[in-house]
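Please look over the sequence and the model below. A short report on the inside of the fold comes after them.

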Amino acid sequence: MGHDHGHDHTHGANKKALLLGFIITTAYMLIEAVGGFLTNSLALLSDAGHMLSDAVSLGVGVLAFAVSERVASYSKTYGYKRFEILAALFNGVTLIAIAIYIFYEAYHRFNEPAEIASTGMLAIAIIGFFVNIFVAWILMRGDTEENLNVRAAFLHVIGDLLGSVGAIIAAILIMIFGWAWADPLASVIVALLVLISGWRVSKDAVHVLMEGTPKNIEIEDIITSMEKVPGIKSIHDLHIWSITSGQNALSCHAVVEENLTVKDSQAILRKIEHDLEHQGIGHVTIQMESDAHPHEDSLFCDQQHSHNHQH
């Protein structure tokens, strides 16, 4: 049960990190939005827009953890774990939309530079910088490697941090040289960061929803390690997919040697399960069959023929 306990522990830590991050980010986002309007700074407003998407990202992340804790039922046999991935996709798409809007606004600002209260802009940007560092530190204590939701939130905050740096530099340039164009330029840089992180998160989420092979899994290695197990002749009709972040599943048909006893079969299964767990696959379903009675759809791995095999 050690594995489950560890999973619950990181789950709790992730949820706490996201909740704390959500509260701090939402509070500061409101301050930055008001500050952006009062100082007339697009860099601050775009950073506040990015922080809004952070707040949504963190809030949806907390919600996703709460929903994914709901127990599996007959109608949702995997429970609600996929909700986390839907949340990450929603996040990614929101980021892309915000980036496009900032580009649009910046284009107008380049043509008609606005009057900016640079001292107020600088003060708010500096506070924002430290707030982002604090939130990034909180999230780093969660699981930014495995969990797509925490990683999405972390990327948001890092983008924000860079946005604050941009706003600080722009405010200084406006104060010293009166370069009003520094403000929309800083906002365009923020928008680019927002766009890149939005695209990445969306792409990863779509890959999971399309039941793509998890990134850290090499199919060739999996087949090789399974076929090395004594008693296994070959593997076919193999599928590997993610249920949610950090939870991978596998199903396949294994052709085994004739005349294996039940005890032999159990030993083979246990060996495979043990090997696969070390390769990042915790949920394994294997159908064993002999050469004499292969599965009627027995086109081997290279054909990946699975039109009547639905998981």
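## Basis of the model

This is a predicted model: local features need pLDDT of at least 70, side-chain atom pairs count only at pLDDT 80 or more, and totals for chains, interfaces and linings use all residues. Residues are numbered from 1 along each chain as its sequence is written, and side-chain values use heavy atoms, with hydrogens and water left out.

## Two cores

A nonpolar core is a set of buried Ala, Val, Leu, Ile, Met, Phe, Trp, Tyr and Cys residues joined through side-chain atoms within 4.5 Å. Buried means under 20% relative accessible area, exposed over 50%, and partly exposed in between, with a 1.4 Å probe and protein chains only. The largest such core has 31 residues. Its members L18, L44, M121 and L139 touch the most other members. Two or more residues each come from α1 (2–39), α2 (42–68), α4 (118–140), α5 (148–177) and α6 (182–209). Helices (H or I, at least four residues) and strands (E, at least two) are DSSP runs, numbered from the N terminus.

A second, separate core holds 19 residues, including V229, L250, I272 and L276.

G21 sits in helix α1. G21 is buried, at a relative accessible area of 0%. Contact means heavy atoms within 4.5 Å. Beyond its neighbours within four places in sequence, G21 contacts L58 and V135. G21 and V131 are 110 residues apart in sequence, yet 9.8 Å apart in space, C-alpha to C-alpha.

S164 belongs to helix α5. S164 is buried too, with a relative accessible area of 1%. Neighbours within four places aside, S164 contacts D47, A125, G128, F129 and N132.

## Helix α2

Helix α2 is mostly covered: 21 of its 27 residues are buried. How far apart are its end C-alpha atoms? They are 38 Å apart, which agrees with the 39 Å that its 27 residues should span at 1.5 Å a residue. The expected span is 1.5 Å times one less than the number of residues.

S41 caps the N-terminal end of α2. A side-chain oxygen of S41 lies 3.4 Å from the backbone nitrogen of A43.

## A parallel strand pair

Strands β2 (residues 247–256) and β3 (residues 283–290) pair in the parallel sense over eight bridges. Two strands pair if DSSP finds at least two bridges between them. H253 has Q287 in β3 as its bridge partner. From β2 the chain crosses through helix α8 (residues 262–278) to β3, in a right-handed β-α-β crossover. Right-handed means that, with the strands pointing away from the viewer, the path from the first strand over the helix to the second runs clockwise.

Key:
Polar contact = N/O pair within 3.5 Å; in protein donor to acceptor, adjacent residues only side chain to side chain.
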